[in-house]
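Let's take a friendly walk through this structure together. Keep the sequence and the 3D view side by side as you read.

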Amino acid sequence: MLATLLAFVTFAVSFLARPFGSLLLDGQNAALVMNFGIQTLGWYLGAMAVIALVALVFFRESKDVDFEQ
């Protein structure tokens, strides 16, 4: 029961925090475009995509790991 409650609380917190993150990153993207041009925004988004793909490749799946030991 506690695990289910924690799962729902985590979902609610992330759901409510998402607009604040988008406001922060929207300002950052606008500043990149205004100061350095639209090409810089493309490089930034490309770099973030590469970092996300590297993270997906290097983190192992843990569904079969027994954490009780």
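This is a predicted model: local features need pLDDT of at least 70, side-chain atom pairs count only at pLDDT 80 or more; totals for chains, interfaces and linings use all residues.

**A walk along the chain**

Thr-10 is exposed, with a relative accessible area of 54%; here buried means under 20% relative accessible area, exposed over 50% and partly exposed in between, using a 1.4 Å probe and protein chains only. You will find Thr-10 in helix H1.

Residues are numbered from 1 along each chain as its sequence is written, and side-chain values use heavy atoms, with hydrogens and water left out.

Now for the overall layout. The protein chain holds 2 helices and 0 strands; helices (H or I, at least four residues) and strands (E, at least two) are DSSP runs, numbered from the N terminus. The C-alpha trace spans about 50 × 30 × 10 Å along its principal axes. Its radius of gyration is 18 Å, whereas a compact globule of 69 residues would come out near 11 Å. That radius is taken over C-alpha atoms, and the globule rule is 2.2 Å times the number of residues to the power 0.38. Buried residues make up 3% of the 69 residues.

Next, follow helix H1 from end to end. H1 covers residues 2–36, which is 35 residues, and reaches 49 Å from its first C-alpha to its last, close to the expected 51 Å. The expected span is 1.5 Å times one less than the number of residues in the helix. At Ala-17, H1 bends by about 35 degrees, and Pro-19 follows within four residues; the bend is the angle between axes fitted to the seven residues ending at a residue and the seven starting there. Just after H1, Gly-37 takes a positive phi of about 100 degrees.

Which aromatic rings pair up? A search of the whole structure finds 1 aromatic pair. The rings of Phe-11 and Phe-15 have centres 6.1 Å apart and planes at 25 degrees, so they are stacked. Rings of Phe, Tyr and Trp (its six-membered ring) pair if their centres lie within 6.5 Å; planes under 30 degrees apart count as stacked, over 60 as edge-to-face and the rest as tilted. Phe-11 and Phe-15 sit 4 residues apart in helix H1, so about one helical turn separates them. Phe-11 counts as exposed at 54% relative accessibility, while Phe-15 is partly exposed at 48%.

Further along H1, Leu-32 is buried, with a relative accessible area of 16%. Leaving aside neighbours within four places in sequence, Leu-32 is in contact with Gly-37, Thr-40 and Tyr-44, where contact means heavy atoms within 4.5 Å.

Finally, Ala-49 lies in helix H2, residues 38–58. Ala-49 is partly exposed, at 40% relative accessible area.
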